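Let us walk through this structure one part at a time. We begin with a strand and end with a pocket.

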Amino acid sequence: MSGFLRRLWAMMTKEAQQLRRDRMTFAMMFVMPIVQLVLFGFAINTDPKGLPAAIISYEQSSLSRALVSAIGNTGYFAFVKEPATEADANTLLQTGEVQFVLTIPRNLTRDVARGETPSVLIEADATDPATIGPALSAVNAAVSQTLAREMTGAFSRFQAGTPAVDVRLHRRYNPEGITRYNIVPGLLGIILTMTMVMMTALAVTREYERGTMENLLAMPVRPIEVMAGKIAPYVLIGTAQVLVVLIAAKVLFGVPFVGSPLVFTGAVVIFLTVNLAIGFTFSTIARNQLQAVQMSFFFLMPAILLSGFAFPFRGMPGWAQVIGELMPATHFIRIVRGVMLKGATLPQIGNEIAVMLFMLVIVVVVAISRYRVTLD
């Protein structure tokens, strides 16, 4: 028995020393739980408030101002834009600059005084039903309470009757609030992130572990050429994945595609290249395939949680949104949902495209600078 204990102790000591030398694995064991606690505890919020909204008011009266104030006091609406026309308001919704558009009709006070029931329109970007659900639920109660206070004097006879104002809620781009219309396009970004980053994260480390890196270094190729050669085949694989997801989205889930296929294809190619370049960068930093996989998982967690795929992006605190903006998946998911569900054009998603291109340049520079041209 003593021999067994000695051998067992020797194995335990050997594993402890090996773990101590592998600092990245040791750090991941403690950093990952902390990151999960912070993200789930502070960053995830399924009841977002202060959502950006635009207002078109064709009447400036005490009643209209009371309605706007009541809706704003719910805490869900932050009126940040006052478009001049309905076309401008539609553009704001389509580009995602605002989540809601509130329209106050002309002659609101006059129609109420006549006993008519004017309509106040609230248009919502319903591509993410979970984001707007609580806000729209709070509107009717807020308006009813306001009207109960305002219906005094000449308007007091309307209190016991039908509602003096009809609040109409128009869910744009996803009128029925179908969840899969939001999930399936977003899932495309997550799938590509997971597969593309993981594939190229093993590209260089695999060469070291297989002993073929010396042959690669002996070839008359530059680091940028090695990177391009490693990435190019996976672009084709990623394109095949996109086709499979799009076919499944249409056939199995009935997700609409109302935008330009050409704009969509360009965005996909850029996104694929960015993720592949990020994976290649990880492979130049990691010393072995295990470290490359660990770095990939560490990147994937915030990409999934902070991109707006699973949880409302605008419900996150400011610091979490900053981290989310650094993730290519965040911008790609906005593009995919915008093109597929809203029919967004290239100028409307131009900012998101520009951000991904800027990320690509930064990642390529880092990868080339980190690429080792010797085996040491």
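Both faces of strand β3 are covered. On one side, Phe100, Leu102 and Ile104 are buried; on the other, Val101 and Thr103 are buried too. Buried means under 20% relative accessible area, with a 1.4 Å probe and protein chains only. Strands (E, at least two residues) and helices (H or I, at least four) are DSSP runs, numbered from the N terminus.

This is a predicted model: local features need pLDDT of at least 70, side-chain atom pairs count only at pLDDT 80 or more, and totals for chains, interfaces and linings use all residues. Residues are numbered from 1 along each chain as its sequence is written, and side-chain values use heavy atoms, leaving out hydrogens and water.

What does β3 pair with? Strand β1 (residues 51-57) runs parallel to β3, joined by 5 bridges. Here Ala54 stands opposite Val101. Strand β4 (residues 119-125) pairs with β3 in the antiparallel sense over 4 bridges. There Leu102 faces Ile122. Two strands pair if DSSP finds at least two bridges between them.

Now the largest pocket. Its lining has 26 residues, and Thr95, Gly96, Arg314, Arg334 and Lys342 lie nearest the centre. A pocket is an open set of points on a 1 Å grid over the protein atoms alone, where a 1.4 Å probe fits, with protein on both sides within 12 Å along at least five of seven lines; lining residues have an atom within 4 Å of a point. Helix α14 gives the largest share of the lining, 5 residues.

Definitions and conventions
Buried means under 20% relative accessible area, exposed over 50%, partly exposed in between (1.4 Å probe, protein chains only).
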